Amino acid sequence: MMRRCKVCCSAGVPPAILPILTRRKNAGGTPALRRPAFLRCVVLLAVISSAALNVSAQAIMKVRVGKAIGEAFSFTPLDIGIETGIFKKHGIEIQKYDFGGSAKLQQALAADSIDMGLGSGPELAFIVKGAPVLGVAAMADAPLLLTVVVDKNGPIHAAGDLKGKTIGVSTRGSLTDWLVHDLSRQQGWGTDGIKTLPMGADVSQIAALKTHQIDGCVIDLAAAYRLEEEGAARIVVRFGGLFKNFHIHIIYARRSFIDKNPDAVRAFLAGWFETIAFMRQNKNKTVEISSRVMGVSPEIAGRVYDELIPMFNLTGKYNPKALEVLRRSYVEMGILPSEPDMSQLVTEKFLPSASK
């Protein structure tokens with residue numbers, strides 16, 4: 001019986017190729033490897049091992065991704081893409097982080113604690129102020145997600161009753177903060193006709209509403225439906241009807257990460273938009289996962305799905321009219337001293353369509 005080369009066997013070389021590396025039997029009847037063939041075997045194994053390591057390194061790219069608000073339906077595509085293996089299919093391993101608002105998300109990006117972030121359109125102003133990031137995709141458009149809720153038994157019944165009231169928002173300069181001030185401006189009260197109080201995540205705002213520390217709060221639709229179901233609150237403002245041309249959410253990437261790992265940015269965006277397509281075609285699975293992430297019943301998650309799935313951008317391309325709304329608002333609301341060049345804040349070159 002032919003002996004196997006220990007080098008080959010330890011590396012798992014198939015027995016079928018061993019005869020190629022052996023000479024005829026020696027005087028003792030035992031096959032032996034020719035020296036040149038043995039050396040070729042060692043070289044071959046080294047090449048195979050090196051190639052395997054390179055493929056492994058290239059196949060899996062780790063990306064640290066932050067969500068501005070962990071439980072909002074807007075950001076559940078990240079969870080769905082992870083659970084269904086879509087990101088993994090694109091060679092991406094996601095490390096997920098949840099933050100209590102846009103400001104904290106941008107702080108994490110600036111501190112190199114995360115590589116990419118799922119944030120809001122108004123956050124583009126942070127770039128003008130020095131945030132080392134770039135908007136790499138339009139993630140969602142009309143702000144169908146967000147509502148203003150108030151105490152069900154209180155005196156507020158419509159947007160017109162909010163003048164001078166204090167509304168809880170996530171963080172200063174966040175999307176929720178921006179929407180309340182612009183609502184005040186649209187009502188003719190100036191940007192400060194409604195007061196805002198930064199309070200972090202929805203759970204903190206809801207607790208403050210129930211204890212009458214604030215008059216209302218801006219929360220996502222799922223949380224609003226849950227409070228209505230409990231008989232604790234009512235919806236008085238639906239922002240989706242107030243802003244037709246808008247980008248409620250944008251995907252951000254740290255500029256240094258873009259420079260070092262452009263392929264990871266492309267792969268993440270390819271996985272993201274494939275996940276959006278999956279969600280549109282698979283309501284049941286989407287509701288199953290999103291209900292767990294949001295902490296609501298499947299019934300509420302189903303209602304939210306029906307109302308919010310049209311919000312998601314299918315291509316990642318920016319709407320010039322939406323960018324114009326944001327550009328003008330930065331000055332109108334006193335966020336920036338002058339209107340910025342929006343083309344310096346966003347890019348489309350990493351989108352799947354651009355890659356093709």
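This is a predicted model: local features need pLDDT of at least 70, side-chain atom pairs count only at pLDDT 80 or more; totals for chains, interfaces and linings use all residues.
Q: Which residues lie nearest the centre of the largest pocket, and how many residues line it?
A: The largest pocket has a lining of 15 residues, and those nearest its centre are Arg172, Gly173, Asp177, Met333 and Ile335. Here a 1 Å grid is laid over the protein atoms alone; a pocket is an open set of points with protein on both sides within 12 Å along at least five of seven lines, a cavity is a set where a 1.4 Å probe fits but cannot get out, and lining residues have an atom within 4 Å of a point. Two or more lining residues come from each of helix H6 (124–128) and H7, and H7 gives the largest share, 3 residues. Helices (H or I, at least four residues) and strands (E, at least two) are DSSP runs, numbered from the N terminus.

Q: How much space lies in the largest pocket, and how does its lining divide by class?
A: A volume is the space filled by probe spheres set on grid points, which are joined across faces, edges and corners. For the largest pocket this gives about 250 Å³. Its lining has 6 nonpolar, 5 polar and 4 charged residues; Ala, Val, Leu, Ile, Met, Phe, Trp, Tyr, Cys and Pro count as nonpolar, Asp, Glu, Lys and Arg as charged, and the others, Gly among them, as polar.

Q: How many cavities of 30 Å³ or more are there, and which residues lie nearest the centre of the largest?
A: The count is 1 cavity of 30 Å³ or more. The largest cavity holds about 180 Å³ of space. Of its 19 lining residues, Ile69, Leu146, Ser170, Leu175 and Thr176 lie nearest the centre. Strand E3 (116–120), helix H7 (175–186) and E8 each give two or more residues to this lining, with E8 giving the most, 3 residues. By class, the lining comprises 9 nonpolar, 8 polar and 2 charged residues.

Q: Is strand E8 mostly covered or mostly uncovered?
A: A residue is buried under 20% relative accessible area, exposed over 50%, and partly exposed in between (1.4 Å probe, protein chains only). In E8 (residues 216–220), 5 of 5 residues are buried. Gly216, Val218 and Asp220 point one way, and Cys217 and Ile219 the other way.

Q: In which sense, parallel or antiparallel, does E8 pair with E5 and with E6?
A: Two strands pair if DSSP finds at least two bridges between them. E5 (residues 146–151) is antiparallel to E8, over 5 bridges, and Val148 stands opposite Val218. E6 (residues 166–169) pairs with E8 in the parallel sense over 2 bridges, where Ile167 has Gly216 as its bridge partner.

Q: Where is Thr191 placed, and which residues is it in contact with beyond four places in sequence?
A: Thr191 belongs to the loop between H7 and strand E7 (195–198). Contact means heavy atoms within 4.5 Å. Apart from neighbours within four places in sequence, Thr191 is in contact with His181, Ser184, Arg185, Glu332 and Met333. Thr191 counts as buried because its relative accessible area is 18%.

Q: What share of the chain counts as buried?
A: Of its 356 residues, 49% count as buried. The chain has 15 helices and 10 strands.

Technical notes. Residues are numbered from 1 along each chain as its sequence is written. Side-chain values use heavy atoms; hydrogens and water are left out.
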